[in-house]
Amino acid sequence: MNPEEKLTIAIIDDAMHTDTPHGRTMRRIVKKLEESGLVVGDVGSLNDARAAAAQLPGIDCILINWDLGGDSQQNHESTTKIIHEIRRRNDELPIFLLAEPASQAPSGLTVEIVKEINEYVYVMDDTPDFLAGRITAAARRYREQMLSPFFSELIKFSRDFEYSWHTPGHAGGTAFRKTPVGRAFHTFFGEQLFRSDLSISVDELGSLLDHSGPIGKAEKYAAKVFGADKTYFVTNGTSTANKIVFFGAVTEGDIVLVDRNCHKSAEHALTMTHSVPVYLIPSRNRYGIIGPIHPDQLTPEAISKKVQACPFTKYADSDHPVHAIITNSTYDGLCYHAAQVEHLLGQTVDRIHFDEAWYGYARFNPLYRDRFAMRDGSKDPNGPTVFATQSTHKLLAALSQASMVHVRNGRVPIEHSRFNEGFMMHTSTSPLYTIIASLDVSAKMMDGPSGKILTDECIEEAIRFRRTMARINREIGHRETPSDWWFGMWQPDAVTDPKSGKRISFTDAPLETLRDTPSCWVLHPGENWHGFEGLEDDYCMLDPIKVTILTPGVANDGSLEPFGIPAALVVKFLDTRGIINEKSGDYSILFLFSVGITKGKWGTLITELFEFKRHYDENTMLEEIFPDLIESYPDRYSGVTLPELAEEMHAFKRDHRMLETLSQAFSLLPEPVITFADAYKRLVRGTVEQVPVEKMGGRVVATGVVPYPPGIPLLLPGERAGDQNEPILQYLKGLQDFDSRFPGFGHDTHGVEVVNGQYLVSCIKEE
């Protein structure tokens with residue numbers, strides 16, 4: 001709903017167009033509303049009314065005839081259901097209940113319904129002018145209170161059309177209109193964007209740096225919605241949010257417990273603060289999917305041993321870790337039992353930082369209870385202080401770079417004035433107000449019943465997709481003939497019905513059971529589907545909206561089967577059809593079911609997966625499906641079919657033991673030789689050199705080496721690469737050889753420069 005648009009009224013009344021006193025009066029009311037500039041739409045049947053109940057975001061007030069369909073108990077029950085559905089989705093939208101004059105209250109009208117509505121009117125008792133005025137006033141109040149704190153003030157300010165004598169220099173877009181290319185830019189984005197792009201000098205909107213005015217109100221409102229003591233808006237991503245937390249909690253000489261499955265920003269924060277990392281090592285399954293850190297690594301005894309084993313902790317100010325950072329959920333959608341993690345780590349550290357970049361929605365659905373940082377009832381003055389950094393833009397509705405830092409104080413609280421110094425070190429003095437407004441709006445969208453509605457829809461669509469894929473696999477994926485294959489799904493094969501206690505196949509499980517029962521998604525010990533060993537029950541849960549499709553090729557023991565289709569081929573095919581996945585592994589592809597998901601979106605994905613299968617089964621030439629590949633590498637791929645390329649790729653991965661080497665490489669903890677900060681100092685001073693991967697044995701890297709996928713550090717700055725024949729360098733050599741053998745399907749490895757097909761890595765010059 002655009003706040004600049006006209007107010008919209010929906011009327012659900014099958015008698016409005018009849019030649020009756022009621023109908024004639026309703027038409028006069030509509031005329032008065034339209035004369036006042038309102039937009040009026042009407043619905044004339046129960047079925048249409050049910051559909052209208054799902055279109056609430058564009059409506060400012062609803063009028064419903066109590067006798068819709070006739071004055072009968074059955075029709076009143078149907079009208080009651082519509083009112084309940086409206087209130088389930090929106091508890092603030094004005095509802096006017098229309099009825100005929102009578103000597104007593106209309107039949108079937110209960111106290112419960114009276115509490116659900118805003119006004120109960122007899123249309124014949126008051127004048128059309130009066131009723132139209134009441135409706136308009138209610139709609140206008142709703143529109144005004146519907147807006148979030150900062151967004152509301154931004155709208156008011158932009159309406160003033162003030163002359164700007166401060167930055168930004170485009171002055172409300174005027175500068176862009178002075179050249180042809182600038183005018184095209186202005187036209188593409190629209191005037192409203194530029195009118196709302198204002199300077200920090202605008203006192204009426206407050207300041208992001210000192211959290212004053214409407215911005216401060218918006219942050220306080222977001223803290224309430226997200227369950228935090230304090231919330232900070234961040235306008236340059238969770239990469240910066242993580243650094244802000246480090247700068248507010250960690251300094252030189254402090255020991256930090258670091259999830260090795262961490263984002264690169266944690267590495268940067270450690271470098272900048274000169275703190276000392278001690279690593280917690282996550283598990284990994286047969287598909288290369290990263291799992292949780294086992295709880296036995298989080299005990300005080302285990303952490304003490306890790307601290308003693310780290311060569312740099314002897315230079316720390318204390319052998320007591322001051323901070324811990326945990327990735328929750330993982331990039332593949334595995335969620336910790338956050339309460340248990342807090343209990344374990346809280347015995348050692350006073351501050352725990354959950355990097356929830358991909359998980360900002362968890363608070364708003366009971367499916368995730370106990371598995372996120374800002375939980376209701378979790379505040380404990382004797383417990384650790386807890387941070388959550390969230391990329392609001394990733395799976396909620398916000399603009400790119402819109403992120404938040406949430407704080408829940410414990411026994412060692414964070415003082416705002418001190419923490420804000422770290423915040424200001426990483427925050428622009430010229431933030432983009434549209435990003436701030438999107439954070440404000442996102443918080444408002446998740447407040448009240450809409451938060452659960454939105455997350456329920458994400459979960460339900462993901463479940464429908466998962467069940468459909470599993471049903472197709474059950475029908476055709478038996479491998480009895482060459483064409484009997486389908487894509488697998490990384491999900492439970494069966495779940496336990498919470499009512500009967502019986503096991504039922506995932507495909508046949510009711511949607512409500514899968515939507516509302518967390519145990520359906522828990523990685524239970526001994527279940528083969530997830531591939532993680534030694535897990536405690538209820539410690540880790542798969543987030544249903546993080547959907548991983550499995551391509552054929554990986555056996556249950558982790559070995560590669562004779563038949564296989566590497567995921568890179570499917571990803572490239574989907575890319576040619578305008579379908580972009582989140583990330584992929586050797587035989588896995590991750591898709592995110594965000595707030596913006598639709599049935600048509602995932603239905604198209606299934607259709608294109610079938611299209612890939614058709615091309616594979618029909619032995620289609622690559623010229624037909626990958627013409628760009630043939631154009632770029634004609635000598636390599638001309639005359640090759642899709643199954644031939646799949647077989648060649650699969651054989652390469654099998655012969656080079658790529659999955660096994662990957663698992664071994666990431667299970668090792670490389671030897672740290674110099675600190676992150678020292679490695680960076682040498683990089684800046686140029687005392688580094690580019691070394692081919694074949695000659696990196698024993699060398700110390702100057703930058704992190706992070707293969708994508710899986711996007712987890714293989715080597716961090718200052719670590720020794722190991723011997724030439726050990727897994728780390730063997731894995732990198734395997735990636736290089738694959739890229740050379742299959743041009744157009746190269747890997748993205750941060751920290752690696754590819755020159756003439758050769759992998760080069762910055763290493764510290766040897767003295």
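## Salt bridges, cysteines and a surface patch

Arg-134 and Glu-119 form a salt bridge (a side-chain nitrogen of Lys or Arg within 4 Å of a carboxyl oxygen of Asp or Glu), with the closest N and O atoms 2.6 Å apart. This pair links distant parts of the chain, 15 residues apart: Arg-134 is in helix 5 (residues 128–146) and Glu-119 in strand 5 (residues 119–122). Helices (H or I, at least four residues) and strands (E, at least two) are DSSP runs, numbered from the N terminus.

The model is predicted: local features need pLDDT of at least 70, side-chain atom pairs count only at pLDDT 80 or more, and totals for chains, interfaces and linings use all residues. Residues are numbered from 1 along each chain as its sequence is written, and side-chain values use heavy atoms, with hydrogens and water left out.

**Salt bridges**

- The structure holds 40 salt bridges.
- In the pair described above, Glu-119 is buried at 15% relative accessibility, while Arg-134 is partly exposed at 37%. Buried means under 20% relative accessible area, exposed means over 50%, and partly exposed is in between (1.4 Å probe, protein chains only).
- Arg-88 forms a salt bridge with Glu-85, where the closest N and O atoms are 3.1 Å apart. Both residues lie in helix 3 (residues 73–89), three residues apart, which is about one turn of the helix.
- Arg-88 is partly exposed, with 40% relative accessibility, and Glu-85 is partly exposed, with 24%.
- Glu-461 and Arg-464 meet through their side chains in a salt bridge of 2.9 Å, N to O. They are about one helical turn apart because three residues separate their positions in helix 17 (residues 449–476).
- Glu-461 is buried at 7% relative accessibility, whereas Arg-464 is partly exposed at 26%. Salt bridges with shared partners join Glu-460, Glu-461, Arg-464, Arg-515 and Asp-516 into one network.

**Cysteines**

- A disulfide is a covalent bond between the sulfur atoms of two cysteines. Here it is counted as a pair of cysteine sulfur atoms within 2.5 Å, and the structure holds zero disulfides.
- The cysteine sulfur closest to that of Cys-310 belongs to Cys-262 and is 14 Å away, so it is too far for a bond. Cys-310 is buried, with 13% relative accessibility.
- Cys-763 is in no disulfide either, and its nearest cysteine sulfur, in Cys-262, is 20 Å away. The relative accessible area of Cys-763 is 0%, so it is buried.

**The surroundings of Asp-254**

- Asp-254 lies in the loop between helix 10 (237–249) and strand 7 (255–259). With a relative accessible area of 14%, Asp-254 is buried.
- Leaving out residues up to four places away in sequence, Asp-254 touches Ala-249, Ser-275, Val-276 and Val-322. Contact here means heavy atoms within 4.5 Å.
- A polar atom of the Asp-254 side chain lies 2.9 Å from the backbone nitrogen of Thr-251.
- Asp-254 and Thr-273 are 19 residues apart in sequence, and their C-alpha atoms are 8.9 Å apart in space.

**A nonpolar patch**

- Phe-185, Phe-188 and Phe-189 make a nonpolar surface patch of about 350 Å². Patches are made of residues with over 30% relative accessible area and no salt bridge; like charges are joined within 9 Å and nonpolar side chains (Val, Leu, Ile, Met, Phe, Trp, Tyr) within 5 Å. Accessible areas come from the Shrake-Rupley method with a 1.4 Å probe, and for residues only the protein chains shown count as cover.
- Phe-188 is in helix 7 (residues 180–189) and is exposed, with a relative accessible area of 65%.

Methods:
A polar contact is a pair of N or O atoms within 3.5 Å; within protein, one must be able to donate a hydrogen and the other to accept it, and residues adjacent in sequence count only if both atoms are side-chain atoms.
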